[in-house]
Amino acid sequence: VKAGIDPVAEARERAESKAVRETNQSFTLSVLFHEHYFPRYAKPKKRTWQNDLTYFTTKIEPVLGSKAATEVTPDDVERLIRPMEVVGYNTARLTLAVLRKMYNWAVLPPSAKTPGDGCLLTIANPCRLYKLDKSNAPEPITRFLTDREIRDLWSQLTESSSDKIIRLQLLIGCRVSEAAGMRESELDREAREWNLPTSRTKTKRP
């Protein structure tokens, strides 16, 4: 008592610390992705959710999936991404984007616009300091179809649904996902207009 020690409180604190450590160990990166990020955010809110699933299961999970989500470090990110950059810069860029987004979602405070229903992790995003080596980036693609190539392609198109999508893209420059997902409710037949809502455009503008 004179020393200000409470054995019961100390024992409780040790037990709680042990429970936290065990919980953290079982909360692996795979658990974070498959049980939280993917079903609660990626699949219901991202049009590119299939890309997230592919990059995580084929690139991230084999290397870091069994590691506790709270123990992934910037060095682990370096070990995962740096070798990819040499082989395929865009693959490395997209893999890093999935990992960074997942951690941003998990550590955002409840006051943020897209929190994971409150903080899941109380650590800083381990991807925050990683910088891609731009010297490995491919040259921008400048290829485009000439007028003759457009005519040759157009002449081979049929009345199939897929060919109609290609024809529409050639005419107005829309994205394939926009054309393939066209709905009757988006069409004003009298005005001969196609109105794309913000939910279906990459720029989030109508």
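Helix α2 (residues 29-45) packs with helix α3 (residues 49-64) at an angle of about 170°, and their axes lie 11 Å apart. This is a predicted model: local features need pLDDT of at least 70, side-chain atom pairs count only at pLDDT 80 or more, and totals for chains, interfaces and linings use all residues. Residues are numbered from 1 along each chain as its sequence is written, and side-chain values use heavy atoms, without hydrogens and water.

The two helices are therefore roughly antiparallel, a label for angles over 145 degrees. Axes are lines fitted to C-alpha atoms, for helices over the stretch in contact, and angles run from 0 to 180 degrees between N-to-C directions. On the α2 side, the contact uses L29, S30, F33, H34, Y37, F38, A42 and K43. They meet W49, D52, L53, F56, T57, I60, E61 and L64 of α3. Contact means heavy atoms within 4.5 Å. By class, the residues of this contact are ten nonpolar, three polar and three charged. Here Ala, Val, Leu, Ile, Met, Phe, Trp, Tyr, Cys and Pro count as nonpolar, Asp, Glu, Lys and Arg as charged, and the others, Gly among them, as polar.

Helix α3 has a kink of about 40°, centred on F56. The bend at a residue is the angle between axes fitted to the seven residues ending there and the seven starting there. F56 is also buried, as are D52, Y55, I60 and L64 of α3. Buried means under 20% relative accessible area; exposed means over 50% (1.4 Å probe, protein chains only). The buried residues of α3 pack against α2, α4 (74-87) and α5 (89-107).

Now the whole chain. It holds eight helices and two strands, in the order α-α-α-α-α-α-α-α-β-β. Helices (H or I, at least four residues) and strands (E, at least two) are DSSP runs, numbered from the N terminus. Of its 206 residues, 27% count as buried. The chain exposes about 14200 Å², with 53% supplied by carbon and sulfur atoms.

R192 sits in the loop between β1 (187-188) and β2 (193-194). K204 lies in the segment after β2.

| Residue | Phi | Relative accessibility |
|---|---|---|
| R192 | about 55° | 75%, exposed |
| K204 | near 60° | 52%, exposed |

Conventions:
Parallel < 35°, antiparallel > 145°, perpendicular 65-115°, else oblique. Areas by Shrake-Rupley, 256 points an atom, 1.4 Å probe, with all protein chains shown as cover.
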